Amino acid sequence: MSRNETGAFIVPHYNDGKIWFTRSKNGSDMYAFYALSDGETLPSSIEWTGNIPRENKVRLLGDGRTLKCTVKDGKATVKLPRNLDRSTSLGFAFRPLPDKE
């Protein structure tokens, strides 16, 4: 398996606005990617519904920093650090809540 296949598996709720989701092969980890439009800069926080993190934290892909995640009324919110490069798209890794059946 190549390195890029670890997060390339589709999830039922794969998109929420500018956020796109994939999961690890075994389903234990989920990845959320924020896609910047041309000329756009990152906001101070990122929000999404569905695919809620199990814990109140996400790991920033690229540098591995752990960021606080709050969940209220089914919406996850991650406040971005001030010293983050705001000119590039970014991704998070987290353990999702179990699917409700």
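A polar contact is a pair of N or O atoms within 3.5 Å; within protein, one must be able to donate a hydrogen and the other to accept it, and residues adjacent in sequence count only if both atoms are side-chain atoms. The side chains of Tyr-34 and Glu-40 make such a polar contact, at 2.9 Å. This is a predicted model: local features need pLDDT of at least 70, side-chain atom pairs count only at pLDDT 80 or more, and totals for chains, interfaces and linings use all residues. Residues are numbered from 1 along each chain as its sequence is written, and side-chain values use heavy atoms, with hydrogens and water left out.

**Tyr-34**

- Tyr-34 belongs to strand 3, residues 30–34 (strands are DSSP runs of E, at least two residues, numbered from the N terminus).
- Tyr-34 counts as buried, because its relative accessibility is 10% (buried is under 20% relative accessible area, exposed over 50%, partly exposed in between; 1.4 Å probe, protein chains only).
- Beyond its neighbours within four places in sequence, Tyr-34 is in contact with Lys-18, Ile-19, Glu-40, Leu-42, Pro-43, Ile-46, Ser-89 and Leu-90 (contact means heavy atoms within 4.5 Å).
- Val-11 lies 23 residues from Tyr-34 along the chain, and their C-alpha atoms are 16 Å apart.

**Aromatic pairs**

- Rings of Phe, Tyr and Trp (its six-membered ring) pair if their centres lie within 6.5 Å; planes under 30 degrees apart count as stacked, over 60 as edge-to-face and the rest as tilted.
- The count by this rule is four aromatic pairs.
- Phe-21 and Trp-48 are edge-to-face, because their planes meet at 70°, with ring centres 6.0 Å apart.
- That pair links distant parts of the chain: Phe-21 sits in strand 2 (residues 19–23) and Trp-48 in strand 4 (residues 45–49), 27 residues apart.
- Both Phe-21 and Trp-48 are buried.
- Trp-48 also forms a stacked pair with Phe-94, at 5.8 Å centre to centre and 25° between the planes.
- This second pair also links distant parts of the chain, from Trp-48 in strand 4 to Phe-94 in strand 8 (residues 90–94), 46 residues apart.
- The relative accessible area is 1% for Trp-48 and 4% for Phe-94.
- One aromatic cluster is formed by Phe-21, Trp-48, Phe-92 and Phe-94.

**Surface patch**

- Ile-10, Tyr-14, Trp-20 and Phe-33 make a nonpolar surface patch of about 420 Å².
- Patches are made of residues with over 30% relative accessible area and no salt bridge: like charges are joined within 9 Å, nonpolar side chains (Val, Leu, Ile, Met, Phe, Trp, Tyr) within 5 Å.
- A salt bridge is a side-chain nitrogen of Lys or Arg within 4 Å of a carboxyl oxygen of Asp or Glu.
- Ile-10 lies in the segment before strand 1 (15–16).
- Ile-10 is exposed, at 61% relative accessible area.

**Thr-77**

- Thr-77 is part of strand 7, residues 75–79.
- Its relative accessible area is 19%, so Thr-77 is buried.
- Apart from neighbours within four places in sequence, Thr-77 is in contact with Ser-45, Ile-46, Glu-47, Lys-68, Cys-69 and Thr-70.

**Positive phi in loops**

- Asn-51 has a phi near 50°, a positive value in a residue other than glycine.
- Asn-51 lies in the loop between strand 4 and strand 5 (57–60), and is buried at 16% relative accessible area.
- Asp-73 is not a glycine, yet has a positive phi of about 55°.
- Asp-73 lies in the loop between strand 6 (66–72) and strand 7, and counts as exposed at 78% relative accessibility.

Key
Accessible areas come from the Shrake-Rupley method with a 1.4 Å probe; for residues, only the protein chains shown count as cover. Helices (H or I, at least four residues) and strands (E, at least two) are DSSP runs, numbered from the N terminus.
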